[in-house]
Amino acid sequence: MKLSRIIALAAILLGLAFPAIAIAPQSGSVWPVIRSLPKASSDWWQSVIEEWSSDKRLVLVAECESRFNPRAKGAAGEYGLLQFLPSTFDRMKLDAGYDWFNIKNPLHQIILADWAFSNGRAHEWSCLKLI
């Protein structure tokens, strides 16, 4: 995903004049800003993924995994919109070069899942087998 698309997505999610702080490690944590946003509807999250994912299967995976709930928790410890296991998220963020990403940030989950789908790692999601 191009940096310009990431910054534009950050602007949508955070509504900030300088949205790069959503992904820049030197700016510190933006999670308090994200937590303070009004709860977005599942339709809104679906539209964000549809607009910004390079692989449209990602929408189906998010629906299957969490019903577009960015705070969903799975029985095995999965978390968020795309139900990452913390160990999988940590491994992927390092592989993708996004070592500052936070599993609780839905923007980071979307970007990292899009990277995974673009790099032949879609098989990491069990829901993909169901769709």
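1. Glutamine 46 sits in helix α3 of this predicted model. Its relative accessible area is 25%. Buried would require under 20%, so glutamine 46 counts as partly exposed. Setting aside residues up to four places away in sequence, glutamine 46 touches Val59 and Phe68. Glutamine 46 and leucine 58 are twelve residues apart in sequence. In space, their C-alpha atoms are 9.6 Å apart.

2. Phe68, one of those two contacts of glutamine 46, deserves a look of its own. Phenylalanine 68 lies in the loop between α4 and α5. Phi here is positive, about 65 degrees, although the residue is not a glycine. Is phenylalanine 68 buried or exposed? Its relative accessibility is 5%. The cut-off for buried is under 20%, so phenylalanine 68 counts as buried.

3. Arginine 67 belongs to the loop between α4 and α5. Its phi is near 55 degrees, a positive value in a residue other than glycine. The relative accessible area of arginine 67 is 61%. Exposed means over 50%, so arginine 67 is exposed.

4. Glutamate 63 is part of helix α4. With a relative accessible area of 37%, glutamate 63 is partly exposed. Its C-alpha lies 8.7 Å from that of serine 42. In sequence, glutamate 63 and serine 42 are 21 residues apart.

5. Now the overall fold. The protein has six helices and zero strands. Along the sequence the pattern reads α-α-α-α-α-α. Of the 131 residues, 44% are buried. Take the contacts between residues at least 6 apart in sequence: 53% of them join residues at least 24 apart. The protein exposes about 6900 Å². Carbon and sulfur atoms supply 55% of that area.

6. Which residues have the most contacts inside the largest nonpolar core? They are Ile49, Leu82, Phe84, Leu112 and Trp125. This core has 30 residues. Elements giving two or more residues to it are α3 (42–52), α4 (57–66), α5 (86–96) and α6 (106–118). The most comes from α6, with eight residues.

7. Phenylalanine 84 is among the core residues with the most contacts. What does phenylalanine 84 contact beyond its neighbours within four places in sequence? The list is Gly77, Glu78, Tyr79, Phe89, Met92, Ile103, Gln109, Leu112, Ala113 and Trp125. Leu112 and Trp125 on that list are also among the core residues with the most contacts.

8. The second largest pocket holds about 160 Å³ of space. Its lining consists of Glu65, Glu78, Leu82, Gln83, Phe84, Leu85, Thr88, Glu124, Trp125 and Ser126. How many of the lining residues are nonpolar, polar and charged? Four are nonpolar, three polar and three charged. Leu82, Phe84 and Trp125 line this pocket, and these residues are also among those with the most contacts inside the largest nonpolar core. Glu78 lines the pocket too, and Glu78 is one of the contacts of phenylalanine 84.

Conventions. Residues are numbered from 1 along each chain as its sequence is written. This is a predicted model: local features need pLDDT of at least 70, side-chain atom pairs count only at pLDDT 80 or more; totals for chains, interfaces and linings use all residues. Side-chain values use heavy atoms; hydrogens and water are left out. On a 1 Å grid over the protein atoms alone, a cavity is a set of points where a 1.4 Å probe fits but cannot get out, and a pocket is an open set with protein on both sides within 12 Å along at least five of seven lines; lining residues have an atom within 4 Å of a point. Grid points are joined across faces, edges and corners, and a volume is the space filled by probe spheres set on the points. Ala, Val, Leu, Ile, Met, Phe, Trp, Tyr, Cys and Pro count as nonpolar, Asp, Glu, Lys and Arg as charged, and the others, Gly among them, as polar. Helices (H or I, at least four residues) and strands (E, at least two) are DSSP runs, numbered from the N terminus. Buried means under 20% relative accessible area, exposed over 50%, partly exposed in between (1.4 Å probe, protein chains only). Contact means heavy atoms within 4.5 Å. Accessible areas come from the Shrake-Rupley method with a 1.4 Å probe; for residues, only the protein chains shown count as cover. A nonpolar core is a set of buried Ala, Val, Leu, Ile, Met, Phe, Trp, Tyr and Cys residues joined through side-chain atoms within 4.5 Å.
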